[in-house]
Amino acid sequence: MRREQCDDGRGDGPVRGNLPAELDAFVGRATELRELAAALDVSRLVTVTGGGGVGKSRLAAHAAARRRPRHGVWRVELATLRDPEFVEYAVVEALRLTDHTTRLPRQTLLGQLAERELLLVVDGFEHLVEPCADLVGDLLRRLPGLRVLAVGRRPLGVAGERLSPLAPLTTDEAVELFVERAGAQGLAVESGPQVRELCVRLDGIPLAVELAAGRLRALSPAQLLDRLDDRFRLLTGGGRDCLPRHQTLRTAIGWSHELCTPEERLLWSRLSVFAGQFDLEAVEYVCSGDGLHADDVLDVLSALLAQSVVAREEGRSGVRYRMLDTVRAYGAEWLEATGDAERLRRRHRDWYLGLATWCELEWFSPRQDEVAARVDTELTNLRLALEFSLSDPDEAHLGQYLAGALWFYWAGCGRLSEGRRWLERGVELPPAEETAQEQSRLKALWVLGYVAILQGDAVAALAALHECREEAERLGSATAAAYAEHRTGCLALVTDDMPRAETLLRSALERYREIGELNSNVLMGQVELAMARAFQGDLADAIRLSEDVRRVCEDHGERWARSYALYVLAYAAWSDGDLERARSLLADCLAAADGFNDLLGSVLVVELLALVTAAEGDLAEAAVLQGAAAGMWPSVGLPLFGSAHYNQPHELCEAAAREELGDTRYEECVRLGGRLDRRAAVARALGRTAPRPGEPGPSASGGPVPSPRGASDTRQPAASPTRGGGETTG
């Protein structure tokens, strides 16, 4: 396969990665862009430094968008991060890496980026210098294909760091920016003496200039200049020269704040409780009341938007809003001064607790894609809500509930490591005295057990599930007892104890029926029972159980649990020699698993597609797919769970491919597959095409793989036993 050449130079086409689109014109900075590009050409760590509001983030993003490393440009924003422990999680998230193992996030970064060439933009690290410097230094030492463009008010202090200090705009550039932003509002402003003097007064600080331009609908440039001069005289006693530049920015922000109406100032301060992006519904709930009616929030927010205090963005979850860090910090100071900060943080937590509850319920519906995208978008605010609750013993039960309610995200969307951290932190807190509050801890316990199973940590899983089951029986919680028994059955399944798995799963399903529980988790319990039956030789019963799950899922629009039912049915189709049906079912299954970032589901399907491909006669392509799966397993855990039952289909495919191709060619094909990243592996598995130039083609004889009917009775479907849903109650 042709290997793309790494081009770390400038370019004008779209860049791979997660850089946000520029919504307005980039003005000036031609010299700084050239210097920054030259610095990135010769140094693997470049840090753009400068004061607040000087345009560091915008310059870095614009410069980064002109680079073309082979594996893209990725930006991680740390300004809203409070906990140093989450720096590495934030980088993993920004790079869209998935890891289902018990490895720490740094190990995930080192493992998955080892062969990649990319540019990482680390923005807003100044309050987290030590953990960032430690991480960046370690990554640069051990990942030769990595370059880092850091953005902060101070250097990282890492060996080899090249600094790129950023000064304010020149007067001409500041005037150009002011006129451009005025034009974007439909206002024609000439670059006359008053505009020029205004930009000089603002020291050419881009944020200050933009805030001033945001006032042009109400004030002329002359009026802006007069009011700003009044403000400066108040601060300096009449002498402009003694005002330091950082005070100029604060003055400009404070001046903009003074020009706001009381309602606008109130909303500005209250918006500071959000981390990163937020939407209108959240603002209306969290920020309304006590001087700001909910019906007025949209109008007041629109006014702040027009004044550049708030920025508008669009993404997968619709229209979102964001405050610049410096502006948000100013609002936070005012909120603390009002004595209302604690109440607002609690309302913020309550909103995201409600959002998580809604998402958990809607996971069992046709809106699963929307739910996954929504939680992705809201993750920074959900973290803030978790931190708020778990830091206060009186609120701990709400943090436990929130961590448990997000089970579908931790387990189904590739966030096991972070989910486990929150869950462990929650269950380590002392149990609540009230029974209703203890239910939240029970939920966190069984979800923790579930996550540990998916990570291959049987000891931790058994401990959490045992405690959950004992406490559930003591408290008389039928719901928690059912989930604890269910997940203990999962554990038995992946550790090859089929009789015990069947007993526990049947009992759990009966408990679910008794309490009227029906959701993705319950349906996965039935899929897991189907696996236990299949592994014990009763493929017909496995098909019956899986078809029932498929029917219920389609009635409710549920796609995630359905994909695992299709997996079992695909294996059955292969077993009966219906390869076309098997491939069709697996393609449907893989599209769903990949869409949810379900790495375990994806790799299991690729393994089975390798077997189907071998049965179709293309042993070389089957070996390539096995190599692709082998490259994915390190991010999942122990290949095929270390289970003899799960491993037999893989062994069957490998044996047939080795026999047909010979060891040398088989291993060549496996190495070829191993060079595919996950996206490429999934695309190849879903869309088999003719062999690429220089790649192995199908085997000459095209001999089929023998059917498992003639093999051991234990050679049965290799579906996931551990991908489940979650409760809607409890």
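Threonine 488 is placed in helix α22. The model described here is predicted. With a relative accessible area of 9%, threonine 488 is buried, since residues under 20% are counted as buried. Apart from residues up to four places away in sequence, threonine 488 touches Leu465, Arg500 and Leu504.

Alanine 484 is also found in helix α22, which covers residues 478–494. The relative accessibility of alanine 484 is 0%, and this residue therefore counts as buried. When neighbours within four places in sequence are left aside, alanine 484 is in contact with Trp446, Leu465, Cys468 and Arg469. An α-helix has 3.6 residues a turn, so residues three or four places apart point the same way.

The protein as a whole contains 32 helices and 7 strands. Of its 730 residues, 58% are buried. Among contacts between residues at least 6 apart in sequence, 77% join residues that are at least 24 apart.

A contact of this kind is found towards the start of the numbering. Phenylalanine 26 lies in the segment before α1 (30–42). Its contacts, leaving aside neighbours within four places in sequence, are Leu33, Arg58, Leu59 and His62. Phenylalanine 26 and arginine 58 are separated by 32 residues in sequence and by 8.2 Å in space, from C-alpha to C-alpha.

Two strands are joined to β1. Strand β4 (residues 146–152) runs parallel to β1 and is joined to it by 5 bridges; in this pairing, threonine 47 stands opposite alanine 150. Strand β5 (residues 162–165) also runs parallel to β1, with 4 bridges between them. Here valine 46 is opposite arginine 162.

Helix α29 spans residues 619–632 and has 14 residues. The distance from its first C-alpha to its last is 20 Å, close to the 20 Å expected at 1.5 Å a residue. The helix is mostly covered, with 12 of its 14 residues buried. The buried set runs from Leu619 through Glu621, Gln626 and Gly627, among others, to Met632. Also included are Ala620, Ala622, Ala623, Val624, Leu625, Ala628 and Ala629. The cover over these buried residues includes four helices, namely α28 (599–615), α30 (644–661), α31 (663–674) and α32 (678–686).

Empty space inside the model was also examined. Rolling a probe the size of a water molecule over the atoms shows where empty space is left. A search of the whole structure gives 6 cavities of 30 Å³ or more. The largest cavity holds about 150 Å³ of space. It is lined by 15 residues, of which Tyr89, Val92, Gly414, Ser417 and Glu418 are the closest to its centre. At least two lining residues are supplied by each of the helices α3 (87–94), α4 (105–112) and α19 (416–427). By class, the lining of the largest cavity has 5 nonpolar, 4 polar and 6 charged residues.

The second largest cavity contains about 110 Å³ of space. Its lining includes Thr80, Leu81, Arg82, Asp83 and Phe86, together with Ala275 and Trp422. Thr380, Arg383, Leu384 and Glu387 also line the second largest cavity. Helix α16 (residues 368–390) gives the largest share of this lining, with 4 residues. The lining of the second largest cavity divides into 5 nonpolar, 2 polar and 4 charged residues.

Methods
Residues are numbered from 1 along each chain as its sequence is written. This is a predicted model: local features need pLDDT of at least 70, side-chain atom pairs count only at pLDDT 80 or more; totals for chains, interfaces and linings use all residues. Side-chain values use heavy atoms; hydrogens and water are left out. On a 1 Å grid over the protein atoms alone, a cavity is a set of points where a 1.4 Å probe fits but cannot get out, and a pocket is an open set with protein on both sides within 12 Å along at least five of seven lines; lining residues have an atom within 4 Å of a point. Grid points are joined across faces, edges and corners, and a volume is the space filled by probe spheres set on the points. Ala, Val, Leu, Ile, Met, Phe, Trp, Tyr, Cys and Pro count as nonpolar, Asp, Glu, Lys and Arg as charged, and the others, Gly among them, as polar. The expected span of a helix is 1.5 Å times one less than its number of residues. Buried means under 20% relative accessible area, exposed over 50%, partly exposed in between (1.4 Å probe, protein chains only). Contact means heavy atoms within 4.5 Å. Two strands pair if DSSP finds at least two bridges between them.
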